[in-house]
Amino acid sequence: MVMSKQKQPTTSENPTSDSPSLTQYDAVIIGAGVSGLYQLYCLRQLGLSVRVIEAADDVGGTWYWNRYPGARFDSESYSYGYSFSDELLSEWNWSEHFSSQPETLRYLNFVADKFELRRDIQFGSRVTAATFNENDNNWVLEIEGGSKVCAQFLITALGPLSIPTMPNIEGIDSFQGESYQTARWPHESVDFTGKRVAVIGTGATGVQVIQEVAKTAAQLTVFQRTPNWCAPLHNGPIDDETQAEIKASYPEIFEKCRNSHGGFIHTADKRNALEVSAEEREAFYEKLYGERGFGIWMGNFRDVLIDQDANDTLSEFVAKKIRQRVKNPELAKMLIPTNHGFGTRRVPLETKYYEVYNQENVQLVDIRATPIEKVTEKGISTSAADFDLDMIIYATGFDAITGGFDHIDISGTTGQRLKDKWKDGPRTYLGLQIEGFPNLFTLVGPHNASTFCNIPRCSEQNVEWVSGLIGHMREHGLKRVEATKAAENEWTEHVYESAERMLFTKVSSWFMGINSNLPGKQKPTFLLYAGGAPNYREKCDEIASHEYEGCAFQ
Ligand code: NA7
């Protein structure tokens, strides 16, 4: 990328606003997480004046908010960091194979400092509305508190899981003890020692937090609605020798990720589960179960996520492991999923999660059998019992992928609102552009390969593609770009087609846009892109090489 001198924003009279002046940027990015920071870096390289608007009071996005004990990567640390700077790669040492949240947040702060990103970031500012002005091809953004800015390009880096949701349970506010939502965890440390703690939710977050709370709580009660298939993380420290090996092999690590379906170092095995002998299959599952990270999900036989019979063999293998690890057969049974197969929902990776249920201080409550009826001043009441508690932890998930967009009133040409356009599901071009919403780019947005990916690997691609397109427009004196209706229709159809064969489209989860706590999110709507990161990248590159076909320019 050619580096240009960065332009300064300008201040102009704003005829449509009560405020006397409005600062004009070339680009505004919403969000200073992994994607937003890199987008800022790249647009600066192009010489644009850029403002990042961030609701939190510091950088980090998901790693800023999700501070709950036990939060860490399920991606190998060295596959998660940015790949764009050799200097950064050589300077930063990951201390564990799967970095914890505090270390990841330190890393993102290190990046922000190293590239002096903070000077273009406005913290503590939440964007409430964004309106496209047809007269000057400009986005006008309203920020909570009343200020406004405008920009030719609007780039959303909202995070796919940034809007946490609470359950709709009667009496939640009446509880007199401590209560926390994992994604809004306080900055001060929370002590579980000697306390009676409840965790509601057993997704990837719940599994991580349960493992930690169980270490010191007097009593931990886990309220489980749906068990998930979990697999061992096998985390460990990185010693000096391994550190040197990692540093020397970064090009190969990133190349591996580039060629894998989900941007991980794990690539699917070429064999089908059902074409090998039962012994061979079992031996392969055993090997994967003993290895680090998502190999058992992403590096398994290539049919396990698309063929129900193949998937059944894997689910049965993992069920057997759960039965071996949990001493009480009744508890083991409660922890084995019955309504979906392994890998058809997000697989939580764990460190002695199942063994937690062998501890005297841990109790599992099946809230499908005995539903929570209410939260009281003293604790939680189910249809079967009252649980007196000192603390309730809600690990109850997010308004996934489209949630961040729903929280901003985005209006495009002819006043059309994005919320209305997407009421029956997202429609996009490459998960990056939207017809009727010119000069808007949605990093890690719905129907974008980044949503089913080791995010930094795919979001780097998103950012570089968007930067390439903006660079192209500058070079050719173009002011406005918008996906054509035909391109958007074709992409949306392709997204649904490529999802059809995947077993996870038959299962209820946030992949399918379902959130039991939100009345408007009950209908299955596929939000990801299941065609794989390599295909996606190829498609994006091809479009760019054909003068960005599918995009209408002015
Ligand atoms: P998830 O995966 O959406 O998990 C949320 C959990 O909370 C899940 O077990 C839900 O049960 C449970 N939940 C949600 N609402 C309720 C109510 N009302 N009552 C009881 N239980 C409830 O979110 P996570 O934060 O764990 O993980 C999100 C992603 O973060 C993860 O995929 C990683 O990529 C990082 P349910 O399954 O709906 O029955």
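Strand E14 (372-375) and strand E15 (residues 379-382) pair in the antiparallel sense over three bridges. Two strands are taken to pair if DSSP finds at least two bridges between them; helices (H or I, at least four residues) and strands (E, at least two) are DSSP runs, numbered from the N terminus. Val375 stands opposite Ile380 in E15. The two strands belong to an open sheet of three strands with antiparallel pairing, in the order E14-E15-E16. Because E14 and strand E16 (386-388) stand at the edges with a single partner strand each, one side of each is left without a neighbour in the sheet. From one strand to the next, the twist averages 20°, where axes are lines fitted to C-alpha atoms, for helices over the stretch in contact, and angles run from 0 to 180 degrees between N-to-C directions. In a regular strand the side chains alternate between the two faces of the sheet.

The model is predicted: local features need pLDDT of at least 70, and side-chain atom pairs count only at pLDDT 80 or more, whereas totals for chains, interfaces and linings use all residues. Residues are numbered from 1 along each chain as its sequence is written, and side-chain values use heavy atoms, with hydrogens and water left out.

Parallel pairing is found around strand E2 (residues 21-30). With strand E7 (residues 148-156), E2 pairs in the parallel sense over seven bridges, and Val28 stands opposite Leu154 in E7. Four bridges join E2 to strand E3 (residues 50-53), and these two strands also run parallel. The bridge partner of Ala27 in E3 is Val50. E2 is mostly covered, with eight of its ten residues buried; buried means under 20% relative accessible area, exposed over 50%, and partly exposed in between (1.4 Å probe, protein chains only).

The count of salt bridges (a side-chain nitrogen of Lys or Arg within 4 Å of a carboxyl oxygen of Asp or Glu) comes to 32. In one of them, Lys195 is joined to Glu178, with the closest N and O atoms 3.0 Å apart. This pair links distant parts of the chain, 17 residues apart: Glu178 is in strand E8 (178-181), and Lys195 is in the loop between E8 and strand E9 (196-200). Glu178 is partly exposed, at a relative accessible area of 25%. A salt bridge also brings together the side chains of Arg325 and Glu350 (2.9 Å, N to O). Arg325 lies in helix H11 (residues 308-325) and Glu350 in strand E12 (residues 349-350), so this pair ties together parts that are 25 residues apart in sequence. Both residues are buried: the relative accessible area is 16% for Arg325 and 1% for Glu350. In the salt bridge of Lys423 with Asp424, the closest N and O atoms are 4.0 Å apart. Lys423 and Asp424 are each exposed.

Cavities and pockets were located on a 1 Å grid over the protein atoms alone: a cavity is a set of points where a 1.4 Å probe fits but cannot get out, a pocket is an open set with protein on both sides within 12 Å along at least five of seven lines, and lining residues have an atom within 4 Å of a point. Grid points are joined across faces, edges and corners, and a volume is the space filled by probe spheres set on the points. The structure holds five cavities of 30 Å³ or more, and the largest cavity has a volume of about 60 Å³. Among the residues that line the largest cavity are Cys257, Gly263, Ser450, Cys453, Arg457, Tyr536 and Arg537. Helix H16 (455-475) and helix H18 (533-545) each supply at least two residues of this lining, and the largest share, four residues, comes from H16. By class, the lining of the largest cavity divides into six nonpolar, four polar and two charged residues; Ala, Val, Leu, Ile, Met, Phe, Trp, Tyr, Cys and Pro count as nonpolar, Asp, Glu, Lys and Arg as charged, and the others, Gly among them, as polar.

The second largest pocket has a volume of about 460 Å³. Its lining comprises 21 residues, of which His261, Ala268, Met298, Phe301 and Arg302 lie nearest the centre of the pocket.
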